[in-house]
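Here is a friendly note to read alongside the structure. Take the points in order, and keep the 3D view open as you go.

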Amino acid sequence: MTRTVLSIGSNLGDRLAHLQSVVDGLDGCVRAVSPVYETDAWGGVEQGPFLNAVVIAEHPDRSPADWLRIGQEFEDASGRVREIHWGPRTLDVDIITCQDGAGQIHSDDPRLTLPHPYAHLRAFVLIPWLAADADARLWVTGTEQPVSALLAELDAKERTGVRPTDLVLSH
């Protein structure tokens, strides 16, 4: 059994429908979905705001590589184009962490680094994750830390830039 935390975001087209496509496509694997938040783009490329959410999913047979493949299939189905690093996109699916019966899976594979190397710096990941799992924990620099503590360490401007919406994803 693997359990994964997926951060999903969209700032092109029908943003909510792109996020919903992930929840729908996970077909019975979804264990929790955060509320939807709106955030300004991160990474220095001028573009419109994102809708962001976190999905927690489980499956008895999926490996981290399987979750990556599935996430990329969702991105491809949404018409995602990879032209500008951190540029606008119809859908972005990031694997934040994966767990198996032994705990969090660690990977230094260039295609999939686990846990996600920047998750602890991104309020648009941490805030929705805490909304979906108040006890969430993440490995950072060799230790497992509460996501709530990692969020508290971020600059206040980073945290207030993650704005709640009335939008919801159904599962």
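This is a predicted model: local features need pLDDT of at least 70, side-chain atom pairs count only at pLDDT 80 or more; totals for chains, interfaces and linings use all residues.

1. Now pick out Leu-169. Which residues does Leu-169 touch, if those up to four places away in sequence are not counted? They are Ile-8, Leu-16, Leu-19, Gln-20, Val-23, Val-33, Val-36 and Ala-53.

2. Next, follow helix 1. Its buried residues are His-18, Leu-19, Gln-20, Val-22 and Val-23. The cover over the buried residues of helix 1 includes strand 1, strand 2, strand 4, helix 2 and strand 5. After helix 1 comes Asp-27, and there the phi angle is positive, near 35°.

3. You will find Ser-34 in the loop between strand 2 and strand 3 (37-39). Is Ser-34 buried or exposed? Its relative accessibility is 3%, so Ser-34 counts as buried, the cut-off being under 20%. The side chain of Ser-34 reaches the backbone nitrogen of Val-54 at 2.9 Å. With neighbours within four places in sequence left aside, Ser-34 is in contact with Ala-53, Val-54, Pro-128, Ala-131 and Ala-132.

4. On to the charged side chains. Side chains of opposite charge can pair when their charged atoms come close. How many salt bridges are there? The count comes to nine. One of the salt bridges joins Arg-3 and Glu-58, with the closest N and O atoms 2.6 Å apart. Arg-3 belongs to strand 1 (residues 2-10) and Glu-58 to strand 4 (residues 50-59), so this pair ties together parts that are 55 residues apart in sequence. Arg-3 itself is partly exposed, its relative accessible area being 27%.

5. Arg-89 and Asp-92 meet through their side chains in a salt bridge, at 3.6 Å from N to O, and both Arg-89 and Asp-92 are buried. Glu-144 and Arg-137 also form a salt bridge, at 3.4 Å from N to O. Here Glu-144 is partly exposed at 33% relative accessibility, and Arg-137 is partly exposed with a relative accessible area of 37%. Elsewhere, a network of salt bridges links Arg-15, Glu-38, Asp-40 and Arg-163.

6. Last, the cysteines. A disulfide is a covalent bond between the sulfur atoms of two cysteines. How many disulfides does a search of the whole structure find? The search finds zero. Cys-29 is in no disulfide, and the nearest cysteine sulfur, in Cys-98, is 12 Å away.

Technical notes: Residues are numbered from 1 along each chain as its sequence is written. Side-chain values use heavy atoms; hydrogens and water are left out. A salt bridge is a side-chain nitrogen of Lys or Arg within 4 Å of a carboxyl oxygen of Asp or Glu. Helices (H or I, at least four residues) and strands (E, at least two) are DSSP runs, numbered from the N terminus. Buried means under 20% relative accessible area, exposed over 50%, partly exposed in between (1.4 Å probe, protein chains only). Contact means heavy atoms within 4.5 Å. A polar contact is a pair of N or O atoms within 3.5 Å; within protein, one must be able to donate a hydrogen and the other to accept it, and residues adjacent in sequence count only if both atoms are side-chain atoms. A disulfide is a pair of cysteine sulfur atoms within 2.5 Å.
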